[in-house]
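Dear colleague,

Please find below the structure I am handing over to you. My notes on it follow.

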Amino acid sequence: MWKSYLLYSLCVFTLLTSCNEEDIKLDASTVVDWFAVPDRPGELGHLLHKIYKETGVSIFVNDTLGYVEDGIDANGEPVRFYETVSEKYLLYSSVSRDIRFVLSRDTVAMLKAVNTIEKWVFPNLPPSGKYRIKSLLLVDSLLTEDYGGDTIRKGGKTAWVFEESIETTPVGKLADIKNMDEPTLKFWAGMVLSTKVYNWLNSHCSDSLKVFYKMTNSDLPKKARTLYNLHGYKFYRMIDTGEEIDWNPDWYFGAELWDYWRMGFLEWGDAEWCEIDPKDSSRWIVHRKALEKSCDAMNYIASVYAFSDEEFKNLFAGVEYSEKCIQRRLYMKKLVELFCAANGVAYQSFH
């Protein structure tokens, strides 16, 4: 029997190796590098080309990357095949979560975003390898499952970045960037860096991330539901008095009435939204969304780059129960330093 398998394997190998060289040779003139950024007119066009030539990183502001022509149709017109950035595949890399984006038309916002990336993001990139950002797609607003609800609720909060894509990292909030103060702008740049850092930590330091996640739930009552499972929780707010009432105090132990920093998060995963209680028109049903684990970790990675220890501590001056946030950032700082050491990065904070 084994002789039959061996003979079959030899036949297959012979067939595979008997192809003429011409059969597998690629015509270099037909191979298009969709990541190449040509020099285009205008300040932005020149800047994007300069960055690509100097760093090898492609920054896109349009989801149509270009086209190739392949013959003519019945009317004698050229047949064009366009290559676009898909919100589902993002340049050849399939994603498992829902994502949509709206392109920006604001050149001033694009320039501010690109200059910010050049100033703070590039100095912290690995010199090469899997965890160096290959390309960025800058968009007006980025809608994902992790922000704004599992069904990407209309009017929900937009995302900073999307970390799952391999080839192209979508970066959002160009709609807001012109009005960002410097601390928020630094955090935005930190979120761009957080994508690859988080992916590396998730692959190489998963046990350390578990410790980081446990710090979020460290001061909950023993029987309370983990905060990461509060992604779709609700409570009542009386319309006339504003009084807030637990939806299910025996289950949440009042945790749903905490602010996000009290929980140990740096933001909500969605804008708070309300609806009239169909069973009692005197009260609202208030919806809040806590962050997913990946977004929580990326927030803290961004804060490590964006702020010094003292600056971050000062953000919480006079804020009760802020020690959890401060300690979680110090722990994440050690993990970011591990990433930098492993990937040949000379760690540089933005301050």
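Helices (H or I, at least four residues) and strands (E, at least two) are DSSP runs, numbered from the N terminus. This is a predicted model, in which local features need pLDDT of at least 70 and side-chain atom pairs count only at pLDDT 80 or more, while totals for chains, interfaces and linings use all residues. Residues are numbered from 1 along each chain as its sequence is written, and side-chain values use heavy atoms, with hydrogens and water left out.

Strand E10 covers residues 273-277 and includes isoleucine 276. With a relative accessible area of 39%, isoleucine 276 is partly exposed (buried is under 20%, exposed over 50%, partly exposed in between; 1.4 Å probe, protein chains only).

E10 belongs to an open, antiparallel sheet of four strands, ordered E9-E8-E11-E10. Strand E9 (244-245) and E10 are at its edges; each has a single partner strand, so one side of each lacks a neighbour in the sheet. Two strands pair if DSSP finds at least two bridges between them. Strand E8 (residues 233-238) pairs with E9 in the antiparallel sense over two bridges, and arginine 237 has glutamate 244 in E9 as its bridge partner.

Serine 303 lies elsewhere, in helix H10 (residues 293-306). Serine 303 counts as buried because its relative accessibility is 0%. Apart from neighbours within four places in sequence, serine 303 is in contact (heavy atoms within 4.5 Å) with Phe187, Leu266, Phe312 and Arg329.

Yours sincerely
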